[in-house]
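Here is a short briefing to read with the model open beside you. Please keep the 3D view handy as you go through the topics.

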Amino acid sequence: MDERRVVAEVHRLTLRELRLWVDEGWVRPAKKADGPVFDEIDLARIRLLCDLKKEMGLSSDAMPVVLGLIDRLNETRRHLRHLMNALEAQPAEVRQDIMATFRSLKHIEGTLEDDQ
């Protein structure tokens, strides 16, 4: 989808803001000969930016930090999904052993947190 369609889709957004956010690197659309092309992931990020800027009043200076943290969180979630898929591919006995170890470690960690 092109810039104008994105602006029509996200009513809180102006073309100027969209271009600024792309220039800042907050949104990274694909580049085509006739301009940037935005996909559904870009659209979700643009909506998030609108929430952060317009609803929550986040400053432009803070935006790279917040976006960096969100990106790292999303990357961690992606890695966890891959790990879960790898675990699901294991025999039931292996999965049960892993879960028992996990519960044990979680219990130990919870005990350490209680001591602080």
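Is Arg-16 buried or exposed? Arg-16 is exposed, because its relative accessible area is 73%, over the 50% cut-off. Please bear in mind that this is a predicted model.

**Helices α2 and α3**

- Helix α2 covers residues 15-24 and helix α3 covers residues 40-55; their axes come within 12 Å and cross at roughly 105°.
- On the α2 side, the contact is made by Glu-17, Leu-18 and Trp-21.
- On the α3 side, Ile-46, Leu-49, Cys-50, Lys-53 and Lys-54 take part.
- Sorted by class, the residues of this contact are five nonpolar and three charged, with no polar ones.

**The largest pocket**

- The largest pocket holds about 370 Å³ of space.
- It is lined by 13 residues, and Ile-41, Arg-45, Asp-71, Asn-74 and Arg-78 are the closest to its centre.
- Two elements, α3 and α4 (63-88), each give two or more residues to the lining of the largest pocket.
- Helix α4 provides the largest share of that lining, with six residues.
- By class, the lining of the largest pocket has nine charged, three nonpolar and one polar residue.

**Arg-45, a residue of the pocket lining**

- Arg-45 belongs to helix α3 and is among the lining residues closest to the centre of the largest pocket.
- Arg-45 counts as buried because its relative accessibility is 16%, and the cut-off for buried is under 20%.
- Beyond its neighbours within four places in sequence, Arg-45 is in contact with Trp-26, Leu-67 and Asp-71.
- One of those partners, Asp-71, is also listed with Arg-45 among the residues closest to the pocket centre.

- Arg-16 is found in helix α2, and its C-alpha atom is separated by 37 Å from that of Leu-80, which is 64 residues away along the chain.
- Arg-4 sits in helix α1, which spans residues 3-9.
- With a relative accessible area of 58%, Arg-4 is exposed.
- Not counting residues up to four places away in sequence, Arg-4 touches Leu-15 and Arg-19.
- Between the C-alpha atoms of Arg-4 and Ala-86 there are 42 Å in space, while the two residues are 82 residues apart in sequence.
- Arg-72 is part of helix α4, and a relative accessible area of 59% makes Arg-72 exposed.
- From Arg-72 to Pro-36, the distance is 25 Å, C-alpha to C-alpha, and the separation in sequence is 36 residues.

Definitions and conventions:
Residues are numbered from 1 along each chain as its sequence is written. This is a predicted model: local features need pLDDT of at least 70, side-chain atom pairs count only at pLDDT 80 or more; totals for chains, interfaces and linings use all residues. Side-chain values use heavy atoms; hydrogens and water are left out. Axes are lines fitted to C-alpha atoms, for helices over the stretch in contact, and angles run from 0 to 180 degrees between N-to-C directions. Helices (H or I, at least four residues) and strands (E, at least two) are DSSP runs, numbered from the N terminus. Contact means heavy atoms within 4.5 Å. Ala, Val, Leu, Ile, Met, Phe, Trp, Tyr, Cys and Pro count as nonpolar, Asp, Glu, Lys and Arg as charged, and the others, Gly among them, as polar. On a 1 Å grid over the protein atoms alone, a cavity is a set of points where a 1.4 Å probe fits but cannot get out, and a pocket is an open set with protein on both sides within 12 Å along at least five of seven lines; lining residues have an atom within 4 Å of a point. Grid points are joined across faces, edges and corners, and a volume is the space filled by probe spheres set on the points. Buried means under 20% relative accessible area, exposed over 50%, partly exposed in between (1.4 Å probe, protein chains only).
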